[in-house]
Amino acid sequence: MTLHQLTSSRFKQQAAKALEDEVLQDNLVKLKGNFLQRRANARESLPEFDDLRDIAVGIKTHTLEHLDLYLEAFENAVEASGGHVHWARDDAEARNLVLAICRAENAKTVTKGKTMVGEEIGLNAYLEANGITPVETDLGEYIIQLAGEPPSHIIAPAIHKNRQQVAELFNDHHPDLADRGPDDVDGLLADARAVLRQRFLKADVGITGANFLIAETGQTVIVTNEGNGDLTQLLPRVHLVVAGIEKVVPSLEDATSIMRILARSGTGQEMSSYTSFSAGTRRPGDIDGPEAFHVVLVDNGRSALLGSPTEEILRCIRCGCCLNACPVYGKVGGHAYGSTYSGPVGAVLTPALAGLAETNHLPNASSLCGRCEAVCPMRIPIPKMLRHLREEEARSGRAPAAARNGLSLWAAFAKRPGLYRWATNLAMCVLAGRAGKRGRFASLPGAGAWTRDRDLAAPQGTSFQTRWKKGERPGTWA
Amino acid sequence: MTEPVSSPRVALLVTCLVDLFRPTVGFATVKLLEDAGCTVEVPLQSCCGQPAYNSGERDHAMAIARTMLDAFEGYDHVVAPSGSCAGMVIRHYPELFAGTEDEARAADLAGRTWELTRYLVEVAGMTTVDARCDATVTIHDSCSCLRETGTREQPRALLASVEGLTLAEATDRDICCGFGGTFAAKYPDISAAMARDKADRLEETGADLALAADLGCLLNIVGTLKRRGSRVEVRHIAEVLAGDLETPAIAEPGR
């Protein structure tokens with residue numbers, strides 16, 4: 001099982017590159033200030049926000065406990081409204097199902113609303129390799145499609161790019177349109193709109209993701225801020241939805257309950273600008289709607305998480321809030337993670353779905369500060385799951401030997417407090433002697449990783465426990 | 001007539017970083033606890049086991065944590081000058097020992113363990129301290145204080161009673177300084193970048209002195225400030241509350 005184009009094993013190198021990229025660092029600073037402050041404001045103006053979180057957690061927990069039943073109910077409801085549900089065990093099956101549907105429709109061009117699962121299964125590259133042109137219609141997705149990059153953020157895929165970079169991309173890729181400067185935001189938007197409008201009209205199939213699948217009604221739901229999702233699903237003859245199986249909720253009311261915290265958590269909006277419910281095919285008398293409606297339900301490792309210590313990550317509603325809160329994401333950006341899902345949620349979800357062999361950096365590259373859990377609308381205990389994955393890594397024997405040996409040596413002392421007190425006191429006295437009266441070290445053999453960027457404060461000398469045992473008490477400094 | 005109040009028997013969880021790097025924080029903590037009317041004892045101890053726990057070495061973590069369960073048996077309260085070590089005991093010991101024969105002991109210890117400033121204010125009922133510090137100070141809220149031990153207002157309430165002290169709050173003070181225990185060792189580049197951001201925010205306040213309740217954060221922050229030649233000094237909050245400004249600030253030359 002691999003997630004598409006996983007480069008998480010190069011996390012360290014990718015992170016180092018990101019830290020040196022001054023433009024990226026500027027762009028990331030802007031991100032930090034925006035979304036999270038807006039979330040805080042939205043939360044403040046909705047006193048029942050935390051109650052809604054509990055309700056949302058309850059809905060998802062219940063659904064995951066009965067996932068098979070709700071998925072079957074969803075399938076039946078979709079079929080009853082003239083649509084078809086297809087089941088994909090893994091990414092390859094999902095890609096092939098989508099391709100088969102497109103081919104059956106003799107599709108040349110497909111428009112795509114934003115879908116993270118589409119990214120997860122590598123859909124665009126596969127369609128292109130098979131002669132079908134996919135066009136992303138979400139502005140952020142469109143930008144990164146032009147750049148040939150994966151998304152760097154769950155809800156703001158091109159957050160790592162500034163206006164200058166976007167203007168350059170557009171000028172390169174829109175040869176029929178006038179060159180635009182980075183300050184001409186309206187012009188840049190108008191260009192994207194003009195180009196995409198033609199694509200919408202030409203598309204044979206419209207592919208969207210889904211924020212929710214409603215078992216009761218067979219509806220799929222997308223929330224967007226650009227209306228591109230509506231055009232993607234309404235204009236082409238065929239609407240194809242690609243979604244993870246964990247997106248199902250029992251009822252319309254459940255979906256709308258969770259929606260109340262989704263946009264507030266992600267962008268700080270009360271609601272997204274557009275919330276679209278798709279229910280099967282066009283019925284007699286309908287003025288619009290697709291002639292065919294397909295839903296590809298993707299497992300790709302999800303069902304294996306049910307009942308496992310990482311099951312709770314399946315509650316995630318992809319609001320991106322944990323990315324906005326995470327200080328590590330804020331320094332290295334999404335691409336460093338080398339996975340469709342970046343940030344705290346990705347650090348759990350990617351290893352959970354793809355295994356730890358190539359992804360072991362992700363659960364380790366966290367200070368476990370807990371800010372992600374504090375803001376998560378679905379109260380997902382991300383630090384707890386990161387620790388679990390670290391345990392799994394330690395058990396597998398894959399953790400770096402140097403770190404494990406160092407820890408074992410230290411543990412051997414820590415398990416014997418008397419020996420520990422003696423040995424650590426000796427070590428501190430030696431270290432303090434070496435520092436003399438300088439108070440700190442600018443470099444110290446064995447502490448290279450620390451002292452490359454920081455001084456190391458020198459210990460005061462004799463340890464507290466040793467001084468206490470000798471009878472020293474407060475007031476000796478007075 | 002008021003009932004005679006017996007002095008609570010409090011064990012100091014000194015924390016390994018305080019024990020090894022800055023014993024004077026341990027003495028300042030003892031002074032504060034004694035001023036609050038506690039009888040303080042220091043049972044023989046090593047470490048709370050958090051480095052092993054956060055590294056996925058559950059067996060090591062449990063073996064070390066068991067020495068803590070033994071060491072702190074029978075005390076009314078256990079107090080640590082650290083949100084991180086207190087948080088390990090309060091939040092993570094129950095999880096660590098769930099389903100084992102030590103489950104009840106772990107839950108019991110968790111229920112008796114406190115971060116220092118929260119203990120002083122909420123349990124010991126301390127409202128003022130007898131201390132003077134003529135400086136503008138800023139506080140870094142450690143992640144574990146904020147999110148594991150419910151400590152944010154208590155240190156501020158106590159600092160408000162320190163004569164001569166002016167508090168200048170920093171922006172982003174709820175954001176991690178990048179220490180994260182083994183994180184700083186495993187991912188030093190990212191950790192250092194986070195620490196530089198933190199140092200920027202602390203310096204922006206114009207404070208003379210930066211305080212925190214966790215020595216891990218403080219070592220990270222001071223190392224970053226001093227590397228850039230910052231004039232901002234750094235201390236554990238217990239030192240200021242206990243009135244110990246004689247000890248050179250962290251990483252400052254001795255006399």
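**Entry 1: a strand in chain B**

I started at A11(B), which stands opposite V78(B) in strand β3 of chain B. Strands here are DSSP runs of E with at least two residues, helices are runs of H or I with at least four, and both are numbered from the N terminus. This is a predicted model, where local features need pLDDT of at least 70, side-chain atom pairs count only at pLDDT 80 or more, and totals for chains, interfaces and linings use all residues. Residues are numbered from 1 along each chain as its sequence is written, chains are lettered from A and ligands numbered from 1 in the order in which they are written, and side-chain values use heavy atoms, with hydrogens and water left out.

I looked up the partners of β3(B) next. Strand β1 (residues 9-12) of chain B runs parallel to β3(B), joined by three bridges. Strand β4 (residues 113-115) of chain B also pairs with β3(B) in the parallel sense, over three bridges; pairing takes at least two DSSP bridges between two strands. In β4(B), T113(B) is the bridge partner of V78(B).

Which way do the β3(B) side chains point? H77(B) and V79(B) go one way, V78(B) and A80(B) go the other, and all are buried. Buried means under 20% relative accessible area, exposed over 50% and partly exposed in between, using a 1.4 Å probe and protein chains only. Side chains in a regular strand alternate between the two faces of the sheet.

**Entry 2: where B meets A**

I then went to the interface. Chain B puts 78 residues into the contact and chain A 64, where contact means heavy atoms within 4.5 Å. Between them the two chains bury about 6,300 Å², with 62% of it on carbon and sulfur atoms. That area is the accessible area (1.4 Å probe) lost when the two parts are put together, summed over both.

I found seven salt bridges across this interface, each a side-chain nitrogen of Lys or Arg within 4 Å of a carboxyl oxygen of Asp or Glu. One is D174(B) with R371(A), whose closest N and O atoms are 3.2 Å apart. Which part of chain B gives the most to the side that touches chain A? Helix α11(B) does, with ten residues. By class, I noted 39 nonpolar, 19 polar and 20 charged residues on that side. Nonpolar covers Ala, Val, Leu, Ile, Met, Phe, Trp, Tyr, Cys and Pro; charged covers Asp, Glu, Lys and Arg; the others, Gly among them, are polar.

I checked R227(B) and D455(A), whose side chains meet in a salt bridge at 2.7 Å, N to O. This pair joins two chains, because R227(B) lies in helix α12 of chain B and D455(A) in the loop between α21 and β12 of chain A. R227(B) is partly exposed at 31%, while D455(A) is buried at 7%.

Within chain B, R66(B) bridges to D102(B) with the closest N and O atoms 2.7 Å apart. R66(B) is in helix α4 and D102(B) in the loop between α5 and α6, so the pair ties together parts 36 residues apart in sequence. I have R66(B) as partly exposed at 31% and D102(B) as buried at 6%.

In chain A, R43(A) and D50(A) form a salt bridge, with the closest N and O atoms 2.6 Å apart.
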